[in-house]
Amino acid sequence: MTTLPSAALSNYIDSPFGVLHLEGIHIGRFRIDRAVIQGREAALNLQEHILAALDETGRKNTLKRGTRYPEPLPMGTPARPLAKEIDDHLDDMRRRQLDPKTVLATERTLKLLLLTCGNISACRVDYAHIKELWKLLRWAPRNLVSDPLLKDLTFNEAIALGKKQDVAPLAAATEERHRRFLVAFFNHLVNGQAITTSPMKAFRKPKKDHTIDPDKAIRLFEDSDLQAIFDPATFIPWAKKPQHWWAPMLGLYTGARVNEVCQLKLTDIIEERGIWCIAFQKTIDKDLAADPKKKRRSRQSMKGSGCMRIIPIAKPLLDAGFLEFVEDMKATGHPRLFPLLSAGVNRATGETNARYSQQFVVDFGRYLKGLGFEKGIGFHAFRHTIATELDVNDVPEKEIALITGHSTDPRDRVQVLRSHYLHKRPQVTRSKQISALELYQPSVELPRYQRGQFAKWLADSSRFYP
């Protein structure tokens with residue numbers, strides 16, 4: 001057997017790239033008569049083939065313990081191909097029932113990693129590969145991963161096309177999201193003993209930029225904005241559907257996230273000691289729970305366990321006829337408050353996307369645009385508005401968090417307080433919330449709901465989504 005040229009390859013990989021010629025490589029039944037290598041990736045690819053041949057030759061010894069990786073993992077031991085490790089990581093994310101949107105976004109990032117590195121062994125991904133990936137992320141053409149016409153582009157071709165299109169630099173938040181996905185992927189491999197150390201250790205979280213853009217729209221509704229939104233001359237003609245009528249009102253007086261509002265069920269409207277409340281929570285959908293093939297048991301989704309909360313229904317909502325609307329919805333026999341909204345289905349997995357808010361966000365955005373609101377202003381501004389107004393009225397942050405479901409600095413123990421103490425005496429929590437909400441009096445009058453107002457839309461149950 002010809003001596004293995006590992007030193008030659010290693011020196012070549014770490015040196016300025018020329019052309020390397022190798023001849024007469026024999027490893028067991030594996031044979032390379034002549035190889036011409038040009039470039040770092042070609043050298044790494046040949047090294048992978050050589051290490052795979054060595055691994056195959058010594059398989060009986062390396063797999064005695066029945067692990068999927070050779071034992072132990074000394075320097076240079078090959079892990080499985082990168083594409084296989086990516087597939088396993090995504091499968092594990094689905095097993096953990098992470099948000100399908102998070103899984104899809106992670107998949108996009110890791111596909112770009114694969115394009116950068118090629119399908120080398122996962123343990124061969126190093127600092128230099130990640131540096132090249134940042135370059136690809138900077139210049140990646142729009143829809144590089146999803147567009148069938150772009151899927152066969154090479155690394156260099158993709159960058160050249162992006163430069164030709166003069167794509168804008170990544171937003172800081174987008175770049176940080178890519179970094180988090182990569183950190184999670186390589187930590188998964190480290191924990192599974194597939195690699196000895198993560199190449200992402202050298203790439204720490206960037207310093208937060210506190211620079212203010214004076215031209216950026218402020219995500220806050222002033223009194224005049226609220227009056228424009230709920231002006232009967234424009235609001236009533238637009239709000240023909242139940243979700244159009246009630247979701248903005250609920251956003252105004254609860255500060256809830258848009259999906260928290262759009263996914264509400266009738267069982268989330270509860271009465272506690274004579275006080276009508278809304279429970280922002282995640283409950284089982286019986287049809288999903290009864291199907292063993294379904295990984296999710298609920299079409300509802302919450303940002304985290306700390307977001308689960310029960311808040312009193314503000315008096316202006318009660319005066320506007322909200323409970324009468326709830327009675328009308330109960331008469332339909334459907335379990336949800338807004339059955340005309342769909343949670344959506346992931347085309348790849350068939351699982352629910354758990355995003356009832358998707359169509360409403362589009363509809364409400366168009367409504368605001370028609371009123372002349374700047375780009376970037378949407379439903380979430382209700383959340384900023386109530387939190388800011390309560391803060392102006394000297395409501396403590398902890399009590400604001402009881403309404404909005406915000407988490408604050410862990411050092412102030414808000415989550416511990418809410419999780420371990422406040423739920424034991426809900427009447428105390430409700431009293432604090434009611435006192436806080438009484439200080440929130442936006443200068444707007446809500447239109448009054450009339451029984452049977454949405455009969456036209458609710459008459460045909462075939463329009464309803466589960």
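**View 1. Aromatic pairs in the predicted model.** This predicted model contains 28 aromatic pairs. In one of them, the ring centres of Trp-238 and Tyr-367 lie 4.3 Å apart and the ring planes stand at 15 degrees, so this pair is stacked. Trp-238 belongs to helix 10 (residues 232-238) and Tyr-367 to helix 16 (residues 358-370). The pair links distant parts of the chain, 129 residues apart. Trp-238 has a relative accessibility of 18% and therefore counts as buried. Tyr-367 is also buried, with a relative accessible area of 7%.

**View 2. An edge-to-face pair, Phe-360 with Phe-379.** The two ring centres are 5.7 Å apart, with 80 degrees between the planes. Phe-360 lies in helix 16, while Phe-379 lies in the loop between helix 16 and helix 17 (380-392), so the pair ties together parts 19 residues apart in sequence. Both Phe-360 and Phe-379 are buried.

**View 3. The crossing of helix 5 and helix 6.** The axes of helix 5 (residues 100-117) and helix 6 (residues 127-139) come within 9 Å and cross at roughly 115 degrees. The crossing is right-handed. Helix 5 contributes Leu-112, Leu-113, Leu-115, Thr-116 and Cys-117 to the contact, and helix 6 contributes His-129, Ile-130, Glu-132, Leu-133, Leu-136 and Leu-137. The residues of this contact divide into 8 nonpolar, 2 polar and 1 charged.

**View 4. The surroundings of the close-ups.** The protein has 21 helices and 5 strands. Of its 466 residues, 44% are buried. The accessible surface comes to about 26300 Å², and 52% of this belongs to carbon and sulfur atoms.

Key. Residues numbered from 1 in each chain as written. Predicted model: local features only at pLDDT ≥ 70, side-chain atom pairs only at ≥ 80, totals over all residues. Heavy atoms only, no water. Axes fitted to C-alpha atoms, helices over the stretch in contact; angles between N-to-C directions. Helix = DSSP H or I, 4+ residues; strand = E, 2+ residues; numbered from the N terminus. Left-handed = near helix turned anticlockwise from the far one by under 90°. Contact = heavy atoms within 4.5 Å. Nonpolar A, V, L, I, M, F, W, Y, C, P; charged D, E, K, R; others polar. Buried < 20%, exposed > 50% of the residue type's maximum accessible area, 1.4 Å probe, protein only. Areas by Shrake-Rupley, 256 points an atom, 1.4 Å probe, with all protein chains shown as cover. Phe/Tyr/Trp six-rings, centres within 6.5 Å; stacked < 30°, edge-to-face > 60°.
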